[in-house]
Amino acid sequence: MRRQSAASGSRAPRPRAEQSEQLGFEGMPERLFVCTPSKLGAYADCPRRYRYAYVDRPAPPKGPPWAHNSLGASVHTALKNWYALAPDRRRPEVLGTLLKGTWVREGYRDDEQERDAFRRALTWLESYVAGLDPADEPVGVERVVAVKTAVLAFNGRTDRIDSRPGPDGRPELVIVDYKTGRTGLDTDDARGSQALALYAYAAERVFRKPCRRVELHHLPTGTVAAHEHTPESLHRQLTRAEDTARDIMAAERAVADGTDPDAAFPTEPGPRCGWCDYRRTCPTGAQTPGKEPWSAVERFADQD
């Protein structure tokens, strides 16, 4: 074995910058921002809420679970399981069993309110599936789609992806998103939804088929709010998402460099504060009266 010479053994180490250049780090592209629609939406709604959810570790404690989230999750999972059945078993009478098996009980004021919410959700589901063809097989149900851009590594779980004939008769993809919120939705909601646009952009690249139509299916009212995107409108939504990602990464770098986290991630006070999971942690949010966990569900009953 050849011995290392004294000269080589006493060689001074290369400066860190030179080491980085030798290893190929110099000029490397900036890391992609890994995100979901909810992650981007959290920052757009309130940078402070984003910080509490995704930056601070350990994360501050959340408030109690929300009944309307439990209700929405239960309905979504019941529809997922409905499509998991063989077509000849997709009948309205199975919905009660499906909903009971997926029911989330958290957040309700009492048993009476929970029972009322269950009955209401079952009525929504029965009415909704009555308008579906059990033989139709979606391209995806609760399907994750993902795409990378120069800035983003995006992934998101779509409620449903349909395949329908486009204007020229060839199949095109349609993004379907279920909604169980208190109020109805209109075309502006579908057009302005960044999440739906990103789903369409990603689905088109995953499945290599056009995907321009996005739909919000509002189960409480049985209405559908739809929008037909163009390549230009999808690109505008993508650009917005990339701009948000750049803002987030800049704020995270500022904190790493010593900036006060409260300054890097300011609050956006407003009506949302009353519904925020971190209201009790946030000094600004704590000044806003908090909503009861069941408040949104209670308002459903007030509409009857």
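**A helix pair and the core around it**

Modeller: Helix H9 (residues 194-207) and helix H10 (residues 231-256) have axes that come within 9 Å and cross at roughly 110°. An angle of 65 to 115 degrees counts as roughly perpendicular, so H9 is roughly perpendicular to H10. The crossing of H9 and H10 is left-handed. Bear in mind that this is a predicted model.

On the H9 side, the residues in contact are Gln-194, Ala-197, Leu-198, Ala-200 and Tyr-201, and they meet Leu-234, Gln-237, Leu-238, Arg-240 and Ala-241 of H10. Sorted by class, that contact comes out as seven nonpolar residues, two polar and one charged.

The largest nonpolar core has 36 residues, and Phe-33, Tyr-50, Leu-152, Phe-154, Ile-175 and Ala-203 are the ones with the most contacts inside it. H9 gives the most, with eight residues.

Leaving aside residues up to four places away in sequence, Tyr-50 touches Phe-33, Lys-39, Ala-42, Tyr-43, Val-55, Ile-248, Glu-252 and Phe-265. There's also a second, separate core of 27 residues, with Trp-82, Tyr-83, Trp-103 and Leu-219 among them.

Note on methods:
Residues are numbered from 1 along each chain as its sequence is written. This is a predicted model: local features need pLDDT of at least 70, side-chain atom pairs count only at pLDDT 80 or more; totals for chains, interfaces and linings use all residues. Side-chain values use heavy atoms; hydrogens and water are left out. Axes are lines fitted to C-alpha atoms, for helices over the stretch in contact, and angles run from 0 to 180 degrees between N-to-C directions. Helices (H or I, at least four residues) and strands (E, at least two) are DSSP runs, numbered from the N terminus. Angles under 35 degrees count as roughly parallel, over 145 as roughly antiparallel, 65 to 115 as roughly perpendicular and the rest as oblique. A crossing is left-handed if the near helix is turned anticlockwise from the far one by less than a right angle, and right-handed if clockwise. Contact means heavy atoms within 4.5 Å. Ala, Val, Leu, Ile, Met, Phe, Trp, Tyr, Cys and Pro count as nonpolar, Asp, Glu, Lys and Arg as charged, and the others, Gly among them, as polar. A nonpolar core is a set of buried Ala, Val, Leu, Ile, Met, Phe, Trp, Tyr and Cys residues joined through side-chain atoms within 4.5 Å. Buried means under 20% relative accessible area, exposed over 50%, partly exposed in between (1.4 Å probe, protein chains only).
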